[in-house]
Amino acid sequence: MDALIHRFRTAYAAMKGDQLAETLRPDLQAQAAELIALWGRGNLREATADTNFLFYTDPSRPRMSQEESQGWSEIYLVYWKAVGEILAVEGLRTDAKASNASWTKVYELWKDLTLQVIRGYTHYDFENWTIPCLYVAGKYLRLFAMRADEERKTTEDTSMTVLQDDFDPEAEEHKWLEDCARHLNRIFQTCLNDRAPLEESRKWGIYYAINLLFKTHFKLNSISLSKNVLKAISATRADMPSLDKFPKSQQVTFKYYEGVLSFLEENYVEAEQHLTMAWHLCHKDAKRNLELILTYLIPCHLLTTHTLPSAQLLESFPHLQQLFLPLASAIKNADLHAFDAALRDGEDEFIKRRIYLTLERGRDIALRNLLRKVFIAGGFEEAKDGAAPVRRTRIPLAEFTAAIKISGREVIDTDEVECLLANMIYKNLMKGYIAHDRAIVVLSKSGAFPGTKV
């Protein structure tokens with residue numbers, strides 16, 4: 001415990017929040033030896049005596065109020081307990097009690113630590129420069145909740161389900177993560193409701209808390225809860241620092257989730273704005289994050305500007321290249337059959353990413369390109385009195401029907417074709433009208449296919 005508290009004192013004296021948070025990071029990969037040394041013999045009485053001495057009676061202890069000393073003392077004692085359980089569940093303890101270790105116990109202990117950290121800000125006047133401690137508490141609370149849920153799935157006694165006729169397995173699938181979300185919301189509220197001046201405010205931790213909530217809500221498929229968070233932020237935005245004052249990593253994550261939420265509400269113009277900002281702010285070497293942003297930005301561009309991703313752009317993202325390049329090629333070549341095949345091949349991934357229905361609308365762009373080809377192939381009408389030639393604007397319905405049959409490789413009757421053309425006109429992808437009695441389509445002499453220079 002002495003070594004840990006020495007690191008705490010060094011960070012506290014220098015008012016280095018990141019260094020202070022590192023003393024609460026239970027990272028076995030980076031500091032297994034330190035954590036094992038911290039646990040020592042696993043004697044609770046000794047650990048309690050050490051924290052009491054180091055925070056209350058040691059002459060070299062940092063200068064702080066009695067209340068703040070109590071807050072930090074309680075935090076590090078719970079941290080010591082959590083470390084012991086983590087070592088046990090990872091097989092790094094050999095005592096008899098270690099055999100009963102579980103990720104559920106780790107989660108419960110870390111939840112106690114998180115509540116103690118929150119209490120430090122609400123009851124013990126922790127200063128805002130220590131906010132990174134909230135980050136570490138919230139981050140690992142979420143990770144341990146997911147580990148506890150995974151453990152629960154693998155160890156659940158199947159014989160118990162015989163008597164559970166009204167039991168919904170899906171409702172219990174993320175039991176601990178749902179509990180975690182409630183405590184992450186407390187971290188969010190702790191930051192949001194601080195009324196101190198901005199330079200001393202906990203509001204500087206709010207976007208990290210929001211991003212943790214977004215990740216948790218999306219994992220739980222509770223998108224509506226994320227919308228509530230955005231509403232709460234909008235209501236207090238005037239009292240908060242502007243987003244550009246926060247670390248870029250937090251800006252990128254927030255804008256990404258804000259864009260995805262707009263995307264899921266089918267507000268594609270707003271989604272495109274948020275995702276584009278996330279794209280420009282994201283570090284060029286953060287390939288995984290760039291790929292996630294593009295996953296939603298590409299469908300946005302397809303619907304808002306009818307533009308397709310270039311092969312050069314997709315080269316750096318092989319997974320996206322595999323998913324989107326066949327679709328882009330089919331749209332560009334006006335190949336309806338190839339588009340349907342590409343959509344079908346990527347169906348599982350598209351549904352998982354919640355972009356299937358949006359990409360399905362891309363078929364309208366492919367159809368628009370096909371109808372445009374028919375229009376261009378029709379050539380020009382005979383010029384009169386030396387006037388400039390004008391493209392043929394009266395297209396027999398049979399020509400469009402034949403093109404759709406060939407491109408889609410399916411049988412389609414005239415009524416269905418008329419319905420498709422009517423939808424294209426309604427969506428402003430084609431300008432004109434259908435003369436049903438004469439079985440022709442009369443297209444506009446200027447801008448028959450808006451946005452395509454035809």
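**Exercise 1.** How many salt bridges does the count come to?

*Solution.* First, know what you're looking at: this is a predicted model, where local features need pLDDT of at least 70 and side-chain atom pairs count only at pLDDT 80 or more, while totals for chains, interfaces and linings use all residues. Residues are numbered from 1 along each chain as its sequence is written, and side-chain values use heavy atoms, with hydrogens and water left out. Next, the rule: a salt bridge is a side-chain nitrogen of Lys or Arg within 4 Å of a carboxyl oxygen of Asp or Glu. Apply that and you get 19 salt bridges.

**Exercise 2.** Find the salt bridge partner of D340, and say where both residues sit.

*Solution.* Start with the pair: D340 bridges to R363, with the closest N and O atoms 2.9 Å apart. Now place them: D340 is in helix α17 (residues 336–345) and R363 in helix α20 (residues 362–377), so the pair links distant parts of the chain, 23 residues apart (helices are DSSP runs of H or I, at least four residues, numbered from the N terminus).

**Exercise 3.** Is K203 buried or exposed?

*Solution.* Buried means under 20% relative accessible area, exposed over 50%, partly exposed in between, using a 1.4 Å probe and protein chains only. K203 is buried, yet has no salt bridge. Look for the nearest side chain of opposite charge (Lys and Arg count as positive, Asp and Glu as negative; His and chain ends are not counted): D239, 5.8 Å away. Finally, the side chain of K203 reaches the backbone oxygen of D194 at 2.5 Å.

Note on methods. Helices (H or I, at least four residues) and strands (E, at least two) are DSSP runs, numbered from the N terminus. A polar contact is a pair of N or O atoms within 3.5 Å; within protein, one must be able to donate a hydrogen and the other to accept it, and residues adjacent in sequence count only if both atoms are side-chain atoms.
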